[in-house]
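Subject: Structure handover

Hello,

Here is the structure we talked about. Please open it next to this email and follow along.

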Amino acid sequence: MYKLKKIRLEKGLTQLQVQMKTGIDQSDYSKIERGLRYPTVEQLIILSELFGTSVDYLLDLTDVEKPYPRKTNP
């Protein structure tokens, strides 16, 4: 997941800092970044919120880094 590493480095975060901010185990996150395991849907949502982008961007389905407008609860 090339974009995960790219955006993490752009934000100036280490893998350990991502773990502390998200609760995603650092070794799991490292495997996700290296493409050795897939993130869960929950992890993708958490990471997209942390990095201020969309799940589609993290999955390399779009080159638009800006997130979609978030749904508001009625």
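Threonine 53 touches Ile7, Ser48, Leu58, Glu65, Pro67 and Arg70, leaving out residues up to four places away in sequence. Contact here means heavy atoms within 4.5 Å. This threonine sits in the loop between H4 and H5. Helices (H or I, at least four residues) and strands (E, at least two) are DSSP runs, numbered from the N terminus. Threonine 53 counts as buried because its relative accessibility is 0%. The cut-offs are these: buried is under 20% relative accessible area, exposed is over 50%, and partly exposed is in between (1.4 Å probe, protein chains only).

A polar atom of its side chain lies 2.5 Å from the backbone oxygen of glutamate 65. A polar contact is a pair of N or O atoms within 3.5 Å; within protein, one must be able to donate a hydrogen and the other to accept it, and residues adjacent in sequence count only if both atoms are side-chain atoms. Tyrosine 68 is 15 residues from threonine 53 along the chain, with 7.8 Å between their C-alpha atoms.

A word on the source. This is a predicted model, in which local features need pLDDT of at least 70 and side-chain atom pairs count only at pLDDT 80 or more, while totals for chains, interfaces and linings use all residues. Residues are numbered from 1 along each chain as its sequence is written, and side-chain values use heavy atoms, with hydrogens and water left out.

How confident is the prediction? The chain averages a pLDDT of 92, and 99% of the residues score at least 70. pLDDT is the predictor's confidence in each residue, from 0 to 100. Confidence is lowest in H1, at a mean of 92, and highest in H2, at 97.

Back to the segment after H5, where you will find proline 67. Proline 67 has a relative accessible area of 30%, so it is partly exposed. Beyond its neighbours within four places in sequence, proline 67 contacts Gly52, Thr53 and Ser54. Glutamate 49 is 18 residues away from proline 67 in sequence, and 8.8 Å away in space, C-alpha to C-alpha.

Next, H4 (residues 41-51). Which residues of H4 are buried? They are Gln43, Leu44, Leu47, Ser48 and Phe51. They lie on the same side of H4, because they cover an arc of only 130 degrees around the axis. The arc is that of the directions from the helix axis to the C-beta atoms. The buried residues pack against H1, H2, H3 and H5 (55-58). The face turned away from the buried side carries the exposed residues Val41, Glu42 and Glu49. Just after H4, glycine 52 takes a positive phi of about 65 degrees.

H2 (residues 15-22) has buried residues too: Gln15, Val18 and Thr22. Their arc is only 55 degrees around the axis, which puts them on the same side of H2. On the other side, Met20 and Lys21 are exposed. The cover over the buried residues of H2 includes H1, H3 (26-33) and H4. Glycine 23 follows H2, and its phi is positive, near 85 degrees.

Now look at H1 (residues 2-10), which holds arginine 8. Is arginine 8 buried or exposed? It counts as buried, because its relative accessibility is 7%. Leaving out residues up to four places away in sequence, arginine 8 touches Leu13, Thr14, Gln15, Val18, Tyr29, Glu33 and Phe51.

Lysine 11 lies in the loop between H1 and H2. At 43% relative accessibility, lysine 11 counts as partly exposed. Its side chain reaches the backbone oxygen of phenylalanine 51 at 3.4 Å.

In soluble globular proteins, nonpolar side chains tend to be buried together. The largest nonpolar core in this model has 12 residues in all: Leu4, Ile7, Leu13, Val18, Ile24, Tyr29, Ile32, Leu44, Leu47, Phe51, Tyr57 and Leu58. H1, H3, H4 and H5 are the elements that give two or more residues to this core. H4 gives the largest share, three residues. A nonpolar core is a set of buried Ala, Val, Leu, Ile, Met, Phe, Trp, Tyr and Cys residues joined through side-chain atoms within 4.5 Å.

Best wishes
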